[in-house]
Amino acid sequence: MKKGKILMASLLAMSMVLTACSGSSGETSPAGTTVAAGTTAAGSETAGGETTEAASGEITSSKDTLVFAMNSDPGTMNPWSGPMGPQLVLSCQSLEALTTYDENGELIPWLAESWEFDDDNKGCIFHLRKDVTFSNGNPFNADAVIFTMKTASAESASAKGYLANVDVEKVEKVDDYTVHIPTLIEFGTLPYTMSNIFIVDPAVYAEEAARGEGITGTGPFVATNWQAGVSVGFTANETYWRGAPYIKNMEFRIITESSVRMVELENGAVDVNKSAATEDINRVVNGEVENISTWKADVSQAIYYFGINVSSEKMKDIKVRQAIMNSIDSETLALIAFDVSGSTSTSILPSNMWYSATLEGDNAYKYDPEGAKALLAEAGYPDGITVKLVCDSNAFRRAMAEAMPAMMEKAGITLEVEFMESAAFNTWRLETKGDDFDVFLGNMGQLNEPSSAMNTFLSKVNNPQGGGNGMFRYAGTEMSDKIDQLINAAFAEADESARVQIYVDLQNEIASQYIAKGIADMFDLNLVASNLKGMVFRPNVDFSKAYFE
């Protein structure tokens, strides 16, 4: 059983506490879901993955346009251009995968209606839905799946990592609505991996990718315009296979200043404020703001972590790595960056999912600046050490990076921080040779089943010569074989209970080598107009059945 099932009651209790504190003006909806009175939750899934929709005409949105304020421009809406994470809130409005997750973090069929494993567990047959078309009317079929997989693995470092154990060149069309996906190893988590591969239309992808704007998919909305650094517009896909969205237009506005996003939400010009400031969240929770609520997902969106570039000359000494880990106070950083939207992490996997180890002893990375000083002295740095950290413009990472120098100074560590805009950072991280930074801040998402996300740690994408999506750069070291073996064992294991122990062992191995330290377990928490209902998280915000009362 997933740990999320155990903790669901506590999450619901938190939601109820927020409701009690906020009064009518700051009412918090049950985490991640909103149900109109007297109706079934629109878009809820049955155990078999079927969708229970409200009857036609049962829900009418009082507003046609939703305005979503976000803090940065990801630089692209193409999931196969650069790292996937930053632009998923946009691309997931238009693009879908063969599988996805319900709001409780359970895997469900989506563009594939079912699948079965090969006898040797080295591949799956996926049976595709026959009632789906791309938003432009072109057919969704096995050809589109095969094209997407080959394109993604060729163009995207992230996708290449996800598909590292898939024999992409031998993916086979059985018929128009059946595709065989073979794997290079026993791959029990392949259906989970396919939730990260967003299917594109082969007929128009090359042209759209060249423009770098909206990519045609099967999803509920169609990207209509993108003004870099300003906004992205979407319109409803009226032929969407799950039924046309109730809201007909969406505008994602890029508003870098948190205070401006909040003012716009309060005056009604914005309906969703993503990455709201802690003080604004608390104002809403305390009932100080009218007509605004908090909306929180049921399952973890991401783990934010601190990572070490093992190829850096200073970082090759395990005592230096341990000292650095012990100089970081995760509890304080989690509070600074996330407050009520996050919790302190004890691992590199989230506390509310299946596979979270309770690390003990040295592996727990307890905050101990005096102990860190002693370790540095043992490593030949009695007068301390200077370390360079690279960080993008993500608001959470920036907040942590700004607090870390003073924190680490207590351990005799001088932290030099280099900030980059997100788009520039995403380009830089693919090109750097690994010798011009010591440590970094990152995050892993899509953790409902973490085997794909754990590709971040595979040594084959952590080549010291650069490239790939990994920044740990520990390929060729003594630790790499053990970590790779555990990750590949998790990939192969179809039995969930057996996979639990593999992930516990993996987390302890990574911790014992002092290459990554979890800082915060983050839940997607937005401030929203109180009359906005029907948002779900799967595992990005889904507005396909959202509406305004």
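Helices (H or I, at least four residues) and strands (E, at least two) are DSSP runs, numbered from the N terminus. R397 lies in one such run, helix α12 (residues 395–409). The model is predicted; local features need pLDDT of at least 70, side-chain atom pairs count only at pLDDT 80 or more, and totals for chains, interfaces and linings use all residues. Residues are numbered from 1 along each chain as its sequence is written, and side-chain values use heavy atoms, with hydrogens and water left out.

The protein chain contains 15 helices and 23 strands. Of its 549 residues, 59% are buried. Buried means under 20% relative accessible area, exposed over 50%, and partly exposed in between (1.4 Å probe, protein chains only). Contact means heavy atoms within 4.5 Å. Among contacts in the protein chain with a separation of 6 or more, 72% join residues 24 or more positions apart.

R397 has a relative accessible area of 8% and is therefore buried. Residues up to four places away in sequence aside, R397 touches Y304, C391, D392, L441, G442 and N443.

F140 sits in the loop between β7 (123–128) and α3 (142–155). Its relative accessibility is 0%, so F140 counts as buried. Beyond neighbours within four places in sequence, the contacts of F140 include L98, L111, L128, Y177, I199 and T218. F140 and V200 are 60 residues apart in sequence, yet their C-alpha atoms are 8.9 Å apart in space.

The axes of helix α7 (residues 258–266) and helix α8 (residues 278–285) come within 10 Å and cross at roughly 30°. Axes are lines fitted to C-alpha atoms, for helices over the stretch in contact, and angles run from 0 to 180 degrees between N-to-C directions. The pair is therefore roughly parallel (under 35 degrees; over 145 is roughly antiparallel, 65 to 115 roughly perpendicular, the rest oblique). S258, M262 and E266 of α7 meet D280, R283 and V284 of α8.

The second largest pocket has a volume of about 290 Å³. A pocket is an open set of points on a 1 Å grid over the protein atoms alone, where a 1.4 Å probe fits, with protein on both sides within 12 Å along at least five of seven lines; lining residues have an atom within 4 Å of a point. Volume is the space filled by probe spheres set on the points. This pocket is lined by 22 residues, with S345, T346, A364, Y365 and K517 closest to its centre. Two or more lining residues come from each of α10 (330–337), α15 (496–512) and β19 (516–529).
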